[in-house]
Amino acid sequence: EFVLGGAANVAANLAALGFRPILYTLVGEEIIPGASLVEGHRSQINNTLANIEIRRLLDRIRVEYRLFPQGDTLVKQRVMERSHAGYIARVDYGESRIEPLRVSHRQALLHDLLTQECIRALALSDYNKNCFTTGLATELISDARARKIPVFADPKPSNIASFKRAFLIRPNEREARAITHLPDARIDAVAYQLQKDTRAKHIVI
């Protein structure tokens, strides 16, 4: 079974809720394993074909997209035991070639995103894959606030400083405790401290 992951999964969930998401994301330069295998073959494909392959996959959930080829496509392979739905193992591919978002990609992304007049909200989903390590999130949040566009952010603890003043921040409990350095406090105290530290309007844990 092949499913969309990372930011594409976020876009798929939004589409399933009835929104019309525009997906801005990195894709692999050489191969799109999921899309290639869904089409019944596995081969090396160039940037142009990569866009076509990923388009076929995303068209099924009616998501517009802006793709930036860089590194490898990240793949999480899960091994499951079918009879009892048991989780056996997971193997990740593509992590070894992760690098910071290229300057050319960052400029193109910002220019395109900041000139979109139809956008009513931004969802920044940080998987700590070097997309938000160049001040990108800070700039997007600042511009969105000026345009009164709410930003919904799912940051990792190591990147929390880049997501301050977002409209809503939603880490899981482990991440929230790591961000606030409150491993044993009541969860409401963690949320209060997280809101104080990030100056976000809303916190969801």
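Colour the chain by pLDDT, the predictor's confidence in each residue, from 0 to 100. Confidence is lowest in helix α2 (residues 33-38), with a mean of 44, and highest in β7, at 98; helices (H or I, at least four residues) and strands (E, at least two) are DSSP runs, numbered from the N terminus. Now select residues 33-50: the pLDDT there is below 50, and the stretch has 35 contacts in the model beyond near neighbours in sequence, a contact being heavy atoms within 4.5 Å. Where pLDDT is low, the predicted coordinates should not be read in detail. The chain as a whole averages 83, and 84% of the residues score at least 70.

This is a predicted model, in which local features need pLDDT of at least 70 and side-chain atom pairs count only at pLDDT 80 or more, while totals for chains, interfaces and linings use all residues. Residues are numbered from 1 along each chain as its sequence is written, and side-chain values use heavy atoms, with hydrogens and water left out.

Next, show the strands β5 to β8. They form an open sheet in the order β5-β6-β7-β8, with parallel pairing; two strands pair if DSSP finds at least two bridges between them. β5 (122-125) and β8 (202-203) stand at the edges with a single partner strand each, so one side of each has no neighbour in the sheet. Zoom in on β6 (residues 151-154) and β7 (residues 168-169), which are joined by two bridges. F152 has L168 in β7 as its bridge partner.

Which residues line the largest cavity? Select L113, L114, I119, L122, L140, D143, A144, R147 and I149. α4 (103-114) and α5 are the elements that give two or more residues to this lining. On a 1 Å grid over the protein atoms alone, a cavity is a set of points where a 1.4 Å probe fits but cannot get out, a pocket is an open set with protein on both sides within 12 Å along at least five of seven lines, and lining residues have an atom within 4 Å of a point.

Last, select the lining of the second largest pocket, including I141, R145, F167 and K201.
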